[in-house]
Amino acid sequence: MDFKSIKIINGPNASRFPSCTTLLVDGGDTVAVIDPGAGPEAFAVVEDKYIIDIIINTHYHFDHINGNYLFPNARVLMNPVEAGFFSEIRNVAKWLGIAEIFGDSGVEDWIKKVSDPKTRLTGYSPCYRHEWWLSTRREAQSYQYDREWQIGRVRVIMIHSPGHTRGFCCPYFPDEGLVYTGDIDLTGFGPWYFGSDGDIEEFVASARRVAQLDARWFLTGHQEGLLSRKEFKERLEQYLDIINQRQERLESMLREGIRPEEISGHGFVYAAKYQVDPWIAMWDKIAVRKHLNVLGMDVPDQ
Ligand SMILES: [Zn+2]
């Protein structure tokens, strides 16, 4: 599928995390990349043809911002909820969940490690990748939500879709009939709301709202890629149902007598063997907390 003013740039390994699918928007006098997480090799293809004026980030997660530093002369535009704190990495740490799970000393330790390019990486997450540091060095300006604006001649509306993060949004291009659904990604893994700023109910509501947009094409940020409106709608409920399956799993673990603070050790969303990676362990603990919250249960120290 070819779009008039938009090129889809896939990341390595079908844009699997920690890369993502990037959009190049050629608006004539203004050229933008949206979520430059497709990696340097992917950008080499367009490098000679375009000068990038603007980087637009849908949210602050690593897989969507890790290529910001590759375009040092471009302006960075972030969503209005996250723009203000984005270039202060301490805030990023807080929203990710580092403060919640590892405390203030965990935040300081993380900042020390990501700022040093020689830090040894962990096995299963981009936890200490130096691009965190490189790509959060510039002040970000913000765009507005839910209001039409233009990248050169291309009309775009950034649809505020909280839940994945508080500021997350989906770029919608009415002229192209295309919406970039980003991390409402329909993968078999299921919805991701495992940061301190993630919210299960909001994720579901946002995903259903995005599916109502008057678009012919829905492009996910990872793996699944471009889907017709019909395909997207059909698969969305199945994807959202993974949340219910997680909830059932948590409740059955409680019924088996597993204490709330032990659930994560058994591997709730991520198998226990992957939890040697500090971030995988962090995400699993936050996932347990959010699903306990659904039952109105207290959040245990784990
Ligand atoms: Zn994300």
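## Talking through the cores and the helix pair

Modeller: Let's start with Trp 279, which touches Leu 96, Ile 98, Trp 110, Ser 125, Cys 127 and Trp 132, leaving aside residues up to four places away in sequence. Contact here means heavy atoms within 4.5 Å. This is a predicted model, where local features need pLDDT of at least 70, side-chain atom pairs count only at pLDDT 80 or more, and totals for chains, interfaces and linings use all residues. Residues are numbered from 1 along each chain as its sequence is written, and side-chain values use heavy atoms, with hydrogens and water left out.

Biologist: What makes a set of residues a nonpolar core?

Modeller: Its members are buried Ala, Val, Leu, Ile, Met, Phe, Trp, Tyr and Cys residues joined through side-chain atoms within 4.5 Å; buried means under 20% relative accessible area (1.4 Å probe, protein chains only). The largest such core has 77 residues, and Trp 279 is among those with the most contacts inside it. Helix H10 (residues 278-294) gives the most to this core, eight residues.

Biologist: Why does this core lie between domain 1 and domain 2?

Modeller: Because domain 1 (6-105 + 134-233) and domain 2 (236-294) both give residues to it. Those bounds come from an automatic or database domain assignment.

Biologist: And why is H5 called oblique to H6?

Modeller: H5 (residues 89-96) and H6 (residues 98-114) pack at about 140°. Angles under 35 degrees count as roughly parallel, over 145 as roughly antiparallel, 65 to 115 as roughly perpendicular and the rest as oblique. So H5 is oblique to H6.

Technical notes: Buried means under 20% relative accessible area, exposed over 50%, partly exposed in between (1.4 Å probe, protein chains only). Helices (H or I, at least four residues) and strands (E, at least two) are DSSP runs, numbered from the N terminus. Axes are lines fitted to C-alpha atoms, for helices over the stretch in contact, and angles run from 0 to 180 degrees between N-to-C directions.
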